[in-house]
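Welcome! Have a look at the structure, then follow along.

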Amino acid sequence: MTEPERSELPALLALLAGALAIGSSGIFVRLADTGPVASAFWRGALALPPLALWALLERRTPVGVGGASRRAARLDPGFLWAGVFFAADIALYHLSLMRTSVAASSLEANTAPLVVSILAWALWGERPRLGFLLATLLAFGGLVLMVSPKLRAGSHALGGDLLALGAAWFYAAYILAVARLRARHGTGAVMFASTLLFSLLLLPLPFVMGEQFLPRSAHGWLMLAALALSAQALGQSLIAYALAHLPATLGSLGLYLQVIAATVYAWLLLDERLQPVQLFGGLIVLSGIALARASRTRARRREQIRDD
């Protein structure tokens, strides 16, 4: 294993762990006794204390990558855009979860990697190689297999599908914004600022939409706290860390694991049974991720040979 590959390994592990944590979000949204947009607000608001502590501890560490720019963090417009994009993404995703199955919603919302590849190419010239594109299509095909039994059974609604697909575009924009922010600022600062902003943006919407804003029981508060800590404070933070060390296109592909996690969680907790075709689809997704990394490694080695 080369030195660049070793340096990417912790970021890849963080990306995978973050995806597994975020995959639980659909379960907690379903089990919470608030409206879907209200649960999106609480997801951010309840995550702010641990994120604030992280950002504070980060400021006390010696200046490192991105540390020199911390004095100008409040002036960076990237924080605002990250908050806006994530507010739109999370609101649409939570709404879709109440209108379609967890597996279908997760699949459609996680078409973001395809969008990321297009946007990164158009905006920054990060042209994806043919091997990477083929691996992405393979992984997407595996996702289709995973949700195909539910889609054939008609358990999803068109409105929920459209909301989830809309969330994918905003999530792709959020991934790109965070990838750029992490080149200039620490993970804690990025997560705290973007979470604070998206929470403020979402705060009035449950009242406008007439949703139940406060949980009716201690169980409801517990579900919201678990949503905030697992999906936002832990999951999104791990992904934000990983995006500082991985290309946006490769980082976004790893998020396909969210769908695998969401499907397994729904099977265990909501009795959405996994069929053999879904298990096979999960293996295909993992194969696509492995091929994408292999494609990236081969391309890097070819570049090193040319440089030498």
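**Exercise 1.** Find which rings are linked into a cluster by ring pairs.

*Solution.* Ring pairs join Phe 41, Trp 42, Phe 207, Phe 213 and Trp 221 into a cluster. Rings of Phe, Tyr and Trp (its six-membered ring) pair if their centres lie within 6.5 Å; planes under 30 degrees apart count as stacked, over 60 as edge-to-face and the rest as tilted.

Before going on, note that this is a predicted model, where local features need pLDDT of at least 70 and side-chain atom pairs count only at pLDDT 80 or more, while totals for chains, interfaces and linings use all residues. Residues are numbered from 1 along each chain as its sequence is written, and side-chain values use heavy atoms, leaving out hydrogens and water.

**Exercise 2.** Work out how Phe 86 and Phe 198 are arranged, and what their pair ties together.

*Solution.* Step one: a search of the whole structure finds 10 aromatic pairs. Step two: Phe 86 and Phe 198 form an edge-to-face pair, 5.0 Å centre to centre with 65° between the planes. Step three: Phe 86 lies in helix α5 (residues 77-97) and Phe 198 in helix α10, so the pair ties together parts 112 residues apart in sequence. Helices here are DSSP runs (H or I, at least four residues), numbered from the N terminus.

Technical notes
Helix = DSSP H or I, 4+ residues; strand = E, 2+ residues; numbered from the N terminus.
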